[in-house]
Amino acid sequence: MKLMIINGPNLNLLGKREPEVYGSTTFEDYFAELQQKFPQVELEYFQSNIEGELIGKIQEVGFDYDGIVLNAAAYTHTSVGMGDAVKAVSTPVVEVHISNTHQREEYRHVSYISPGAKGVILGFGLQSYDLAIQSFLG
Ligand code: CA2
């Protein structure tokens, strides 16, 4: 089982800014925890602040890996291109969000990713990623 976690813009700041919204753990530390928790899964992690790089990564792994766990961050609410990429690949994509976007500003209630996603997990903090991985394990 080979899974790719893809994080979008500003998620490199996790654990470093706005801990009241996004917690105080860096994604690197959390990723190490996930690797320990799921030794049977080949887990990889990619983060970019650049829309084209994120689309490139979805295309690169999207015909080969068993699953993609995608937090497109702000591009969730703006990117037709990322939504199209998710629909174009054969690898199933689970959309995740740390916060409950439906409890936040109205512009965060729209997702261009969801129509192409296998499912959506949001509002469980970093645990959203853990739950997404579990969803691939059946
Ligand atoms: O809740 C989520 O996971 C989001 O995808 C996070 C995005 C936001 O635009 C989405 O609406 C919901 C923002 C990621 C920014 O991450 C930061 C982390 C630490 C400090 C500042 C920003």
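**Entry: Thr26**

I started with Thr26, which sits in the loop between α1 (19–22) and α2; helices here are DSSP runs of H or I with at least four residues, strands are runs of E with at least two, and both are numbered from the N terminus. Before going on, I noted that this is a predicted model, in which local features need pLDDT of at least 70 and side-chain atom pairs count only at pLDDT 80 or more, while totals for chains, interfaces and linings use all residues. Residues are numbered from 1 along each chain as its sequence is written, and side-chain values use heavy atoms, with hydrogens and water left out.

Is Thr26 buried or exposed? I found a relative accessible area of 16%, so Thr26 is buried (buried is under 20%, exposed over 50%, partly exposed in between, with a 1.4 Å probe and protein chains only). Setting aside residues up to four places away in sequence, I saw Thr26 touch Leu14, Gly15 and Lys16; contact means heavy atoms within 4.5 Å. I also looked up Thr26 against Leu131: they are 105 residues apart in sequence and 18 Å apart in space, C-alpha to C-alpha.

**Entry: aromatic rings**

Next I went through the rings. Rings of Phe, Tyr and Trp (its six-membered ring) pair if their centres lie within 6.5 Å, and planes under 30 degrees apart are stacked, over 60 edge-to-face, and the rest tilted. By this rule I get five aromatic pairs. Why is the pair of Phe31 and Tyr45 called tilted? Their ring centres are 5.6 Å apart and their planes stand at 35 degrees, so the pair falls under that label. This pair links distant parts of the chain, 14 residues apart: Phe31 belongs to helix α2 (residues 27–37) and Tyr45 to strand β2 (residues 42–47).

I checked accessibility for both partners. Phe31 is buried because its relative accessibility is 11%, and Tyr45 is partly exposed because its value is 24%. Both are members of one aromatic cluster, together with Phe27, Tyr30 and Tyr129.

Lys2 is over the face of Tyr65, 4.7 Å from the ring centre. Lys57 is over the face of Phe46, 4.8 Å from the ring centre.

**Entry: helix α5**

Which residues are buried in helix α5 (residues 127–137)? I list Ser128, Tyr129, Asp130, Ala132, Ile133 and Phe136. The elements they pack against are β1 (2–7), α2, β2, β3 (67–71), β4 (93–97) and β5 (119–122).

I took a closer look at Asp130, a residue of α5. Asp130 counts as buried because its relative accessibility is 8%. Beyond its neighbours within four places in sequence, Asp130 is in contact with Tyr30, Leu34, Lys37 and Phe38. Just after α5, Gly138 has a positive phi of about 80 degrees.

Leu122 is in strand β5. Where does Leu122 stand relative to Asn71? I read 51 residues apart in sequence and 9.7 Å apart in space, C-alpha to C-alpha. Leaving out neighbours within four places in sequence, Leu122 is in contact with His97, Ser99, Asn100, Thr101, His102 and Ser128.

Thr101 is buried because its relative accessibility is 6%. Apart from neighbours within four places, Thr101 is in contact with His77, Arg108, His109 and Leu122.

**Entry: positive phi**

Most residues other than glycine have a negative phi. I noted Glu18, not a glycine, with a positive phi of about 45 degrees. Glu18 is in the loop between β1 and α1, and its relative accessibility of 45% is why I log it as partly exposed.

Ala73 also has a positive phi, near 50 degrees. Ala73 is in the loop between β3 and α4 (80–88), and is buried because its relative accessible area is 15%.

**Entry: the largest pocket**

Ala73 came up again in the pocket search. On a 1 Å grid over the protein atoms alone, a pocket is an open set of points where a 1.4 Å probe fits, with protein on both sides within 12 Å along at least five of seven lines, and lining residues have an atom within 4 Å of a point. The volume is the space filled by probe spheres set on the points. The largest pocket comes to about 370 Å³. Of its 18 lining residues, the closest to the centre are Pro9, Asn10, Leu11, Tyr22 and Ala73. I sorted the lining into eight nonpolar, six polar and four charged residues, with Ala, Val, Leu, Ile, Met, Phe, Trp, Tyr, Cys and Pro as nonpolar, Asp, Glu, Lys and Arg as charged, and the others, Gly among them, as polar.

Note on methods: Lys NZ or Arg CZ within 6 Å of the ring centre and 35° of its normal.
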